[in-house]
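Let's take a friendly walk through one protein chain, starting with the overall picture and then looking at a few details. Keep the structure in view as you read.

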Amino acid sequence: MAATGQWRRMGRLFEMAPALRRCPRVYSTSPAFAEVLRLPQKQLTKVLYPLRELAQHLVTDSGSGLIEQGLFDPSLEDIARAESIFEATARNRIEYLSSAVRLDHAPGLQQPEVCFIGRSNVGKSSLIKALFSMAPDVEVRISKKPGHTKKMNFFKVGKYFTLVDMPGYGYRAPEDFVDMVETYLKERKNLKRTFLLVDSVVGITKLDNIAVEMCEEFALPYVMVLTKIDKSSKGYLLKQVLQIQKFVNTQTQGCFPQLFPISAVTYSGVHLLKCFIADITGSLK
Ligand code: GDP
């Protein structure tokens, strides 16, 4: 039965949650994450593992393999540890560093870097705000007004990594902007992973395709994050996820096969994404 493995994993998750609650000091669970852990089991799965929750609705044997999952399948302990990396404290400073319009103006840092790209309005600022929700002093700068110079914004996450908010792209993107993004993606030596945001309601657009082609051309390891999942019914979201998964499986080489659906409103998938970022930057070691 396709569902058997699913239930076994769910069972494991349910066994672990109370265990984590019994000894929160071990990995300094933040009050916000402790709240998450107190959610009823079904909601807990939805918030922490949205893909798993969605895949349960694929009832057929053949259907269960249509959504790639389980490649990145961290324990609750790892998710809790990643939370503490994203929590600003006196010893773990999370701060805006600088902005740059050209790669040679970017801060010269050795630590691993991750960047977020996506078309304007995809939900990039909202997601970055959600990632930094436990660092209230961090201001995610938004320059959306037409005519404003679009910049890359660098944020330092403790001693662990740098997160770069790339300018959103739209139609008629000026050439110097394309140059800036391309040069950064092609030449940034410490860039560990590119997160390409796609609106789950809209699906992959022509503009997203251009970004995919760029990542493929530069042979970058990248990850597709599906935003705004709270906006759709479960049925519609499932249809969109299946379509995007098929695209990833058949049209891409460098894209991580597992999708990351998120909502910046309900925080669904945000904790898992934090854990993935922490993992690929070596921050969980
Ligand atoms: P950006 O241009 O990519 O930085 O997009 P924003 O973060 O500014 O978001 C664009 C619009 O989508 C805003 O109206 C946000 O409130 C909305 N939005 C962003 N993320 C979400 C989400 O997860 N759920 C919902 N329902 N709306 C979102």
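## The overall picture

The protein chain holds ten helices and seven strands. Helices (H or I, at least four residues) and strands (E, at least two) are DSSP runs, numbered from the N terminus. This is a predicted model, where local features need pLDDT of at least 70 and side-chain atom pairs count only at pLDDT 80 or more, while totals for chains, interfaces and linings use all residues. Residues are numbered from 1 along each chain as its sequence is written, and side-chain values use heavy atoms, leaving out hydrogens and water.

Of the chain's 285 residues, 52% are buried; buried means under 20% relative accessible area, exposed over 50%, and partly exposed in between (1.4 Å probe, protein chains only). Take contacts (heavy atoms within 4.5 Å) between residues at least 6 apart in sequence: 76% of them join residues at least 24 apart.

## One face of a helix

Which residues of helix α3 are buried? In this helix, residues 41-48, they are Leu44, Thr45, Val47 and Leu48. Viewed down the axis of α3, these buried residues fall within an arc of 165°, so they line one face of the helix. The arc is that of the directions from the helix axis to the C-beta atoms.

## Two positive phi values

Lys228, in the loop between β6 (222-227) and α9 (234-251), is not a glycine, yet its phi is positive, near 60°. Tyr267, also not a glycine, has a positive phi of about 70°. Tyr267 sits in the loop between β7 (260-261) and α10 (270-280), and its 28% relative accessibility makes it partly exposed.
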